[in-house]
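Okay, thanks for making time this morning. Let me put the structure up, and then I'll walk you through a few spots.

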Amino acid sequence: MEQRLIPYHLRKIWRAASEEPYWLHGECVCPCGCDRFRILVFADKRENGYPCTAQTEDGFALMIHGICESCGERYVLFDASRHGYDCSLYSAVPEDMLSPWLCPDCQADTFGIELFIQPEEDTPYDTEEEQSEAFGWIRMDLSCPGHTHTEWISLETM
Ligand SMILES: [Zn+2]
Ligand SMILES: [Zn+2]
């Protein structure tokens with residue numbers, strides 16, 4: 001998969017994992033070298049405790065931030081109002097409305113992050129940035145030392 005399709009907002013912390021024909025597969029590594037992050041979310045909860053889109057007064061919202069465990073740098077991992085094919089249905093949420101996500105099994109508060117992105121290749125956009133942010137699907141897996149949360153989010157954005 002071509003590197004130009006990696007979503008712009010993730011490039012600083014993207015490290016390619018495996019080569020896949022239809023997906024970009026990466027893991028998050030802070031430029032400081034650390035690969036563990038605290039996770040902040042604005043979301044509703046699914047039955048298993050994993051996040052899903054929340055309904056707000058203005059429509060819908062889903063925001064996920066990561067904070068590097070080592071240097072404290074904060075990264076936007078996903079903001080449904082800015083990223084994905086159909087972001088116009090979503091609204092942004094102020095940073096202070098996000099709250100920490102803890103492992104439901106062990107209460108761990110830092111995670112390794114794996115990402116799977118299905119890029120939009122068929123519709124041409126004006127800029128590489130727009131093209132890379134108009135992906136059609138995002139899946140994020142989290143892992144704490146004892147647990148792997150597969151499909152922690154798995155979201156079609158169209
Ligand atoms: Zn860091
Ligand atoms: Zn755990």
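I'll start with the core, move on to the strand pairing, and finish with a tryptophan. Just keep in mind that this is a predicted model.

So, the core. The largest nonpolar core has 33 residues, and the two that touch the most other members are L62 and M63. Seven strands put in at least two residues each: strands 2, 3, 8, 9, 11, 12 and 13. Which strand gives the largest share of this core? That's strand 3, with 4 residues.

Skip its neighbours within four places in sequence, and L62 is in contact with F42, A43, T53, A54, F78, A80 and Y90.

Now the pairing around strand 8, which covers 63-68. If you want one to click on, I39 has G66 as its bridge partner in strand 8. Strand 8 also pairs with strand 9, again antiparallel, over 5 bridges. There, M63 sits opposite D79. Those two strands make a hairpin with 5 residues between them, and G72 in the turn has a positive phi of about 85 degrees.

Last stop, W14, which is in strand 1, residues 14-19. Leaving out residues up to four places away in sequence, W14 touches I6 and G26. And P31 is 17 residues along the chain from W14, with their C-alpha atoms 9.4 Å apart.

Note on methods:
Residues are numbered from 1 along each chain as its sequence is written. Chains are lettered from A and ligands numbered from 1 in the order in which they are written. This is a predicted model: local features need pLDDT of at least 70, side-chain atom pairs count only at pLDDT 80 or more; totals for chains, interfaces and linings use all residues. A nonpolar core is a set of buried Ala, Val, Leu, Ile, Met, Phe, Trp, Tyr and Cys residues joined through C-beta atoms within 7 Å. A residue is buried if 20 or more other C-beta atoms lie within 10 Å of its own, exposed if 12 or fewer, and partly exposed in between; C-beta atoms are placed from the backbone. Two residues are in contact if their C-beta atoms, placed from the backbone, lie within 7 Å. Two strands pair if DSSP finds at least two bridges between them.
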